[in-house]
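Below is a protein model to look at. Some questions and answers about the terms used to describe it follow.

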Amino acid sequence: MRLGIIGLPNSGKTTIFNALTNSNLPTGAATSGQFEVHTAVVSVPDERVDRLSAMYNPKKTIYTQVTYVDIGGLEKGVAEGGLKGQFRNELAQLDGMVQVLRAFADENVPHPYGTVDPQRDLDIIEGEFLLSDLVMIESRLEKIAEEQRRKGRTLEKATVDEAELLERLKALLESDIPLRDVDLTDTEVKMLKGFGLLTLKPMLIVLNQGDERRDYAIVNDHKRSNIIDLQGKIEAELSQLEPEDATVFMEEYGITELSAAKVVRLSYELLAYDSFFTVGEDEVRAWRMPTGATAPEAAGVIHTDLQKGFIRAEVFHYDDLIELGSEAAVKNAGKFRLEGRDYIVKDGDILHIRHSS
Ligand SMILES: Nc1nc2c(ncn2[C@@H]2O[C@H](COP(=O)(O)OP(=O)(O)OP(=O)(O)O)[C@@H](O)[C@H]2O)c(=O)[nH]1
Ligand SMILES: [Mg+2]
């Protein structure tokens, strides 16, 4: 799962990438405005995994993971005539975006538009993405029209459906509506998959605050989008400290809780994945599955062999385990079940897959 950290030059993307991933990449003028990509893999914090791990005391505890990609090179005007190859590819491959908006004032760090104004910056990026999607859709519609002229006969049903959908989305984009606001059917989502449309991607907005926080009432009433404040520079510095030193530092700054972990969790939640767990003496582990997965599909997340040889799933729920205190108590209460192929796995289910090998 790839989440791109995007934003205008000098908004603090690399700083926030460092804070989220415990990295130590150089920040500042050296890289400004260039197309540069850095990636790092991060475990998604999950309190449920912590508690399961405390109960089962396993050798290994494994969280689900997200890959963050720091992508430089986004500026006003980049979408005109279509985004350039490599840059567009990077963006198109993302499952979601974390957009950094600059809210810190620092006269030593030039702002591309001279003043700190996160709402304006948000609107600029949105405008670029709307335009980029529009260019993509128009060029596909032109190709379809050309095909029709060339063939001189009616098009296949699938192509007609595609053109209809694209016309509908084109009209929305022209009214400045990002596609993440549109309810699409599974079939439509599949049809659009190859386009890598940017406004379709879930977006977490991170307001990158300076040492002194300021209130900005950012307007962002879109679906599959959220907003959070973060003091990027402080948190990036904190992520480089030993835990004890970090605590002292946090007390000094009056920070009670780090936001970086919250950003990771929120950005994961935006992607609408559910988690199920496997537990045991060897390993407690969280697994990511698409919402609505069946038991064999969930088994396939662990290993394709488990899906192929699936017989039944032993299932109980995390909430019942916590409420009742032990697996034995869950069994006594009749909340430990055997489920078959059609069972829809729920977020927080604890599974053991019975399979033939
Ligand atoms: N004062 C202050 N400076 C910050 C903060 N966040 C980032 N900076 C500084 O702003 C400059 C740019 O930060 P980067 O993280 O490199 O920004 P970027 O968005 O990655 O920039 P490009 O990759 O060049 O587009 C650096 O000098 C950072 O130290 C902050 O919260 N407060
Ligand atoms: Mg950078």
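Q: How do you know that domain 1 and domain 2 bury area between them?
A: Buried area is the accessible area (1.4 Å probe) that two parts lose on being put together, summed over both. For domain 1 and domain 2 this comes to about 630 Å², 62% of it on carbon and sulfur atoms. In domain 1, Arg48, Met55 and Tyr56 lose the most area to domain 2, together 68% of what that side buries. This is a predicted model, in which local features need pLDDT of at least 70 and side-chain atom pairs count only at pLDDT 80 or more, while totals for chains, interfaces and linings use all residues. Side-chain values use heavy atoms, without hydrogens and water, and residues are numbered from 1 along each chain as its sequence is written.

Q: What makes domain 1 and domain 2 separate entries?
A: Domain bounds come from an automatic or database domain assignment. That assignment gives residues 2-269 as domain 1 and 292-355 as domain 2. Their centres, taken over C-alpha atoms, are separated by 34 Å. The contact (heavy atoms within 4.5 Å) takes 6 residues from domain 1 and 10 residues from domain 2.

Q: Why is α7 called mostly covered?
A: Buried means under 20% relative accessible area, exposed over 50%, and partly exposed in between (1.4 Å probe, protein chains only). In α7 (residues 232-239), 6 of the 8 residues are buried, so the helix counts as mostly covered. The buried ones are Gly232, Ile234, Glu235, Ala236, Leu238 and Ser239. Their cover includes α1, β6, β7, α8 (243-253) and α9. Helices (H or I, at least four residues) and strands (E, at least two) are DSSP runs, numbered from the N terminus.

Q: What makes a group of residues here a nonpolar core?
A: The term needs buried Ala, Val, Leu, Ile, Met, Phe, Trp, Tyr or Cys residues joined through side-chain atoms within 4.5 Å. The largest such set has 24 residues, and Ile5, Leu20 and Val263 are among those with the most contacts inside it. The largest share, 6 residues, comes from α9. Leu20 touches residues including Ile5, Val42 and Val263.

Q: How do you know that β6 and β7 pair?
A: Two strands pair if DSSP finds at least two bridges between them. β6 and β7 have 6 bridges, in the parallel sense, so they meet the condition. One bridge joins Asn208 to Leu230 in β7.

Q: Why are β2 and β7 called edge strands?
A: The 6 strands form an open sheet in the order β2-β4-β1-β5-β6-β7, with mixed pairing. β2 and β7 each pair on one side only.

Methods
Chains lettered and ligands numbered in written order. Lists of a residue's contacts leave out its neighbours within four places in sequence.
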